[in-house]
Amino acid sequence: MNTINFEDIKLNDEERQPCEVWTRVMGYFRPVSEFNVGKKSEFYTRKCFCESKAVVNMEAYDIAAE
């Protein structure tokens with residue numbers, strides 16, 4: 001079995017290709033490249049939601065299951 005050392009893999013700029021980023025906006029998906037300047041700025045300042053941080057200390061709340 002061969003082991004791959006990813007640190008040894010080098011790409012030249014000519015070998016790279018752009019990656020198109022899509023996101024969900026107002027209920028449908030759109031490429032970020034088509035956003036206007038203001039929407040692009042808002043997109044890049046977004047914070048990712050982390051569910052594990054949101055449920056910390058949930059035992060302290062008395063929430064009834066429905």
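Biologist: Why does Ile-4 count as exposed?

Modeller: This is a predicted model, and in it Ile-4 has 57% relative accessibility. Exposed means over 50%, so Ile-4 counts as exposed.

Biologist: Where is Ile-4 placed, and which residues make the nonpolar surface patch?

Modeller: Ile-4 lies in the segment before β1 (22-25). The nonpolar patch is made by Ile-4, Phe-6 and Ile-9, and covers about 360 Å² of surface.

Biologist: Happy with that! Turning to the rings, how many aromatic pairs does the structure hold?

Modeller: The structure holds two aromatic pairs. One of them joins Phe-35 and Phe-43.

Biologist: What makes the pair of Phe-35 and Phe-43 edge-to-face?

Modeller: Their centres are 6.3 Å apart, and rings pair within 6.5 Å. The planes of Phe-35 and Phe-43 stand at 80°; over 60 degrees counts as edge-to-face.

Biologist: And why is Phe-35 called buried?

Modeller: Its relative accessible area is 8%. Buried means under 20%, so Phe-35 is buried. Phe-43, with 16%, is buried too, because that value also falls under the cut-off.

Biologist: What is the geometry of the pair formed by Phe-43 and Tyr-44?

Modeller: Phe-43 and Tyr-44 are edge-to-face, with 5.1 Å centre to centre and 75° between the planes.

Biologist: Is Tyr-44 buried or exposed?

Modeller: Tyr-44 has 58% relative accessibility. With the exposed class starting over 50%, Tyr-44 therefore counts as exposed.

Biologist: Nice. Which residues do the ring pairs link into a cluster?

Modeller: The ring pairs link Phe-35, Phe-43 and Tyr-44.

Note on methods
Residues are numbered from 1 along each chain as its sequence is written. This is a predicted model: local features need pLDDT of at least 70, side-chain atom pairs count only at pLDDT 80 or more; totals for chains, interfaces and linings use all residues. Side-chain values use heavy atoms; hydrogens and water are left out. Patches are made of residues with over 30% relative accessible area and no salt bridge: like charges are joined within 9 Å, nonpolar side chains (Val, Leu, Ile, Met, Phe, Trp, Tyr) within 5 Å. Accessible areas come from the Shrake-Rupley method with a 1.4 Å probe; for residues, only the protein chains shown count as cover. A salt bridge is a side-chain nitrogen of Lys or Arg within 4 Å of a carboxyl oxygen of Asp or Glu. Helices (H or I, at least four residues) and strands (E, at least two) are DSSP runs, numbered from the N terminus. Buried means under 20% relative accessible area, exposed over 50%, partly exposed in between (1.4 Å probe, protein chains only). Rings of Phe, Tyr and Trp (its six-membered ring) pair if their centres lie within 6.5 Å; planes under 30 degrees apart count as stacked, over 60 as edge-to-face and the rest as tilted.
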